[in-house]
Amino acid sequence: MKKLTILGSTGSIGVSTLDIVAAHRDRFEVVALTGGNNLELLTSQIETFSPKIAAVISEESARKLRKSLKGAKTEILHGIPGMIAAATAAESDMVVSAIVGAAGLVPTVAAIKAGKDMALANKETLVTAGRIIMDMVREQGVRLYPVDSEHSAIFQSLEGHRKEDLKRIVLTASGGPFYRYPVAKLAGVSISDALNHPNWSMGKKITIDSATMMNKGLEVIEARWLFDVPVERISVVIHPQSIIHSMVEYLDGCVMAQMGVPDMKAPIAYALTCPERVPTGVRGLNLTEVGSLTFFEPDNGRFPALALAYRAVNDGESMPAVMNAANEVAVEAFLQGRIRFTEIAAVIEKTMDAHQPHVLNSVEEVLNTDRWGRAKAKELIGL
Ligand code: NAD
Ligand code: MG
């Protein structure tokens, strides 16, 4: 029986994770859940999975949750201490880190320090604090399994091969809704156009990141740390069908790729059960139905955010954290109708231009850098 904590259980990844748990009740037990504002869903998850602990962001939400649960045995906690208590619950063997954004960093760090194996969906953790996290993972001797579909694909393509023989990593990207849209019209796209992802159903923030391709920029940095490969050896190719989830090339010219229909349940399940595989309900791949797989070079003029991610890594250690903070602020401002789609990358770039990169020595320094980046981006937007 594997005992799980799911941080961000009410989100897109959290819900898919619980679908897998529900389909394999003989394998998994839920020890703790955390959610944000979706109390109705969290209530029904608590009723179904009876965790020992559930944590929400605010005290008021905790009060409401206790009321709606009427006498359930689950201990209801709140705030960052509540998230940390869930992340470190003594009974859990593995923590699924699926909070969105830099808010996932502190509970993820707490879980690693408590010696938990990790199924990591929260890519912002590695973007903002990659070296610190990977050092911590090594020190604690915990296992870190990628949930992100590209990184799961790379992880699977590396299995059974020698790391010394790896030449480069190729991340695939769907290109989102705008990879063929007239560049001159991008400034005028609506929020619903940008949320209309062709292949994946995900939370709003990552869906906008996919439309700007900042998501792929974040993933390049995530791959850099997960697989210890410099960004010069990580490239991105647009593959609109999202069938090949990523690939690795070896010194002899052989390329290993992992394929499947785009459904996060497959990489989530593999992170939970690796090296075993379990049925996920994901449809098998019918290549004759797909017909053709196509590939394009990403266009930097259309997707300036992708180039900013490479720049951030080369600028210095604190820059990816600043880039990530500015992106979170800009995406939120776009979703609130305060800035245009094309201003997202512009705000990020200006925030980065205003930052003097430095080495990050602790999680506290990462959090300070994140705060600085948020404040600067807000100032630039006029919030
Ligand atoms: P989502 O917005 O659907 O869910 C986010 C979860 O985090 C929710 O449970 C929400 O209540 C919680 N949350 C939000 N703000 C919080 C805060 N301040 N404190 C505590 N909890 C908070 O997001 P998602 O799409 O499930 O993505 C989660 C993470 O997984 C992101 O880092 C994303 O980049 C990554 N990821 C997602 C997908 C996907 O298909 N959705 C794929 C790959 C990677
Ligand atoms: Mg991905």
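Visitor: What makes Lys-167 and Glu-249 a salt bridge?
Guide: Their side chains meet at 3.6 Å, N to O. A salt bridge needs a side-chain nitrogen of Lys or Arg within 4 Å of a carboxyl oxygen of Asp or Glu, so the pair qualifies. The pair links distant parts of the chain, 82 residues apart. Lys-167 is in strand 8 (residues 166-173) and Glu-249 in strand 10 (residues 244-250). Helices and strands here are DSSP runs, H or I of at least four residues and E of at least two, numbered from the N terminus.

Visitor: What are the ground rules?
Guide: This is a predicted model: local features need pLDDT of at least 70, side-chain atom pairs count only at pLDDT 80 or more, and totals for chains, interfaces and linings use all residues. Residues are numbered from 1 along each chain as its sequence is written, chains are lettered from A and ligands numbered from 1 in the order written, and side-chain values use heavy atoms, with hydrogens and water left out.

Visitor: Why is Glu-249 called buried, and why is Lys-167 called partly exposed?
Guide: Buried means under 20% relative accessible area, exposed means over 50%, and partly exposed is in between (1.4 Å probe, protein chains only). Glu-249 has 13%, so it is buried. Lys-167 has 39%, so Lys-167 is partly exposed.

Visitor: How many salt bridges does the rule give?
Guide: The count is 26.

Visitor: How do you know that Asp-135 and Arg-138 are about one helical turn apart?
Guide: Both lie in helix 6 (residues 123-140), three residues apart, which means a separation of about one helical turn. Asp-135 has a relative accessible area of 28%, so it is partly exposed. Arg-138 has 59%, so Arg-138 is exposed.

Visitor: What does the salt bridge between Asp-353 and Arg-311 tie together?
Guide: The closest N and O atoms of Asp-353 and Arg-311 are 3.0 Å apart. Asp-353 is in helix 15 (residues 343-353) and Arg-311 in helix 13 (residues 304-315), so the pair ties together parts 42 residues apart in sequence. Asp-353, at 51%, is exposed. Arg-311, at 25%, is partly exposed.

Visitor: Which residues are joined into one network by salt bridges that share partners?
Guide: Lys-123, Asp-148, Glu-150, Lys-216 and Glu-219.

Visitor: How do you know that Glu-222 has no salt bridge?
Guide: Take the nearest side chain of opposite charge. That is Lys-123, 4.8 Å away. Lys and Arg count as positive, Asp and Glu as negative; His and the chain ends are not counted. Glu-222 sits in helix 10 (residues 214-226).

Visitor: What makes the Glu-222 and His-151 pair a polar contact?
Guide: Their side chains come to 3.2 Å. A polar contact is a pair of N or O atoms within 3.5 Å; within protein, one must be able to donate a hydrogen and the other to accept it, and residues adjacent in sequence count only if both atoms are side-chain atoms.

Visitor: Which residues surrounding ligand 1 are the closest?
Guide: Thr-10, Ser-12, Gly-36, Glu-124 and Gly-203, out of 23 residues that surround ligand 1. To be near, a residue needs a heavy atom within 4 Å. Backbone N or O atoms also approach ligand oxygens: Gly-11 at 3.1 Å, Ile-13 at 2.9 Å and Gly-203 at 2.9 Å.

Visitor: How many disulfides are there?
Guide: The count is zero. A disulfide needs a pair of cysteine sulfur atoms within 2.5 Å. Cys-254, at 38% relative accessibility, is partly exposed. Cys-274, at 13%, is buried.
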